[in-house]
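This report describes the domain layout, the ligand surroundings and selected local features of one model. The sequence and the structure are shown first.

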Amino acid sequence: MRTFVPGMLDDEYESLRRTVAEFTDEEVAPVSAELDAKHEFPYELVAKMGDMGLFGLPFPEEHGGMGGDYFALCLALEEIARENQSLAMTLEAGVSLGAMPIYRFGTEEQKAQLLPQVIDGRGLAAFGLTEAEAGSDAGGTRTRAVLENGEWVVNGAKSFITNSGTDITKFVTATAVTGTRTGSDGSTKPEISTIIIPNGTPGFTPEPAYDKVGWNSSDTHPLTFEDVRVPEANLLGERGRGYANFLRILDEGRIAIAAVSVGAAQGCVDASVQYAKERTTFGKPIGDYQGISFKIARMEARVQTARAAYYAAASKMESGLPFKTEAAIAKMVASEAAMDNARDATQVHGGYGFMNEYLVARHYRDSKILEIGEGTTEVQQMLIARSLGL
Ligand SMILES: Cc1cc2nc3c(=O)[nH]c(=O)nc-3n(C[C@H](O)[C@H](O)[C@H](O)COP(=O)(O)OP(=O)(O)OC[C@H]3O[C@@H](n4cnc5c(N)ncnc54)[C@H](O)[C@@H]3O)c2cc1C
């Protein structure tokens, strides 16, 4: 059994957490407002994170990784997200959504060929599940892949795919309908498989980036596939298991999003405590007024509750126990904590909190999507209710 308790990390995890916290404070914080304002992808920071081994954290050394685990990745995500959710999401999507499907479901050849391309910060992978008609209901995939003369011919489109259009994007793993199967009730259902599509394959086009409310330095594109031809060997995992495999990736990913959310919520507490001590009104620091200090006390309680929730989900996952419900609870509680704290932190900062250059304003814009991506709050509630037999 492995049990993670907030504030009681062992030396190895604590040392990683401190290293990433220092990197965040010294190298990420000073440039984040400008990257956000210019909507710039943080290539230099991503390369540095690659040098630090962050993109290889949960992978074995034989594949060029750091030999750590998923919880270590979550600790790193939390620290980076205090200052920059876009950067944290670049790491989250690159590792947990991009490289992890290859590690979990790839053949030895696929792992040997693809993992080294995307775990040193010099390359990124993307996860192509969502479509215009298939978001929460991701089984509604319309993209099709047909086997012709030893090649998959892929046609369709994906929406909102993170890390899919950068200069260093190496490949996207995309779900596609590859046939039909008979369901347990005798009805015919689409057979969904996953196909690896290398960047630059003719017919594969990352369309212009979305104009988003937040996560301005994170890369998000619609993708189109027009007669994209890739070898039959680019099937990832078993034929027909694509949807089920991606659901496993999303279960894990929810713990990672919870970690990002906790970092964001913590960033709001830190900025609010500092501001409440410095800003004076009516001759006193605003932190002396209970209207402000109680608000910040509630923000701190949200952070600690959400952190305990994601540590608990990670403890179960790393112990090899079922963790679907705990991951859903952690994702829901933590993303709500991030959004609530962003709203309260902006209030604590008054008019300055509405200025984009302030960290809390960025968290205010960035945090909303935490309640939507990798399963909306309503989807988490469906999973939790299902665990109760409802
Ligand atoms: C910035 C960004 C990055 C993203 N990155 C990726 C990525 O890398 N890869 C990827 O595949 N996808 C990605 N997504 C997609 C994201 O996961 C989806 O947007 C999300 O899952 C919701 O799907 P949808 O937008 O189609 O909303 P819908 O599914 O259309 O939902 C609309 C509303 O209806 C609610 N709803 C739906 N069904 C039910 C129900 N049964 N009961 C109650 N309420 C319901 C939802 O909770 C939501 O409030 C990204 C999205 C964004 C915005």
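How far apart do the end C-alpha atoms of residues 240–388 lie, and what percentages of the span are helix and strand? The model is a predicted one. In it, the end C-alpha atoms of residues 240–388 are 29 Å apart, and the span is 74% helix and 3% strand. According to the UniProt record, an unreviewed entry, residues 240–388 carry the annotation "domain: Acyl-CoA dehydrogenase/oxidase C-terminal".

**Domains**

The domain assignment divides the chain as follows.

| Domain | Residues |
|---|---|
| domain 1 | 11–122 |
| domain 2 | 125–240 |
| domain 3 | 244–387 |

Taken over C-alpha atoms, the centres of domain 2 and domain 3 are separated by 30 Å. Contact between these two domains involves eight residues of domain 2 and eight residues of domain 3. On the side of domain 2 that touches domain 3, three residues are nonpolar, five are polar and none is charged.

**Ligand surroundings**

Domain 2 and domain 3 each contribute at least three residues to the shell around the ligand. There are 23 residues around the ligand, and those that come nearest are L129, G135, S136, T376 and E378. By class, this shell comprises eleven nonpolar, nine polar and three charged residues. At least two residues of the shell are supplied by each of α4 (85–105), β1 (124–128), β3 (151–162) and α10 (377–387).

**Helix α7**

After α7 comes G320, which has a positive phi, near 75°.

**The loop around G67**

G67 is placed in the loop between α2 (43–51) and α3 (70–81). Is G67 buried, partly exposed or exposed? With 14 other C-beta atoms within 10 Å, G67 is partly exposed, because a residue counts as buried at 20 or more such atoms and as exposed at 12 or fewer. Beyond its neighbours within four places in sequence, G67 is in contact with P60 and E61. The C-alpha atoms of G67 and L57 are separated by 6.4 Å, although these residues are ten apart along the chain.

Methods:
Residues numbered from 1 in each chain as written. Predicted model: local features only at pLDDT ≥ 70, side-chain atom pairs only at ≥ 80, totals over all residues. Domains from an automatic or database assignment. Contact = placed C-beta atoms within 7 Å. Nonpolar A, V, L, I, M, F, W, Y, C, P; charged D, E, K, R; others polar. Near = placed C-beta within 6 Å. Helix = DSSP H or I, 4+ residues; strand = E, 2+ residues; numbered from the N terminus. UniProt positions renumbered as here; feature names shortened; annotations may be inferred.
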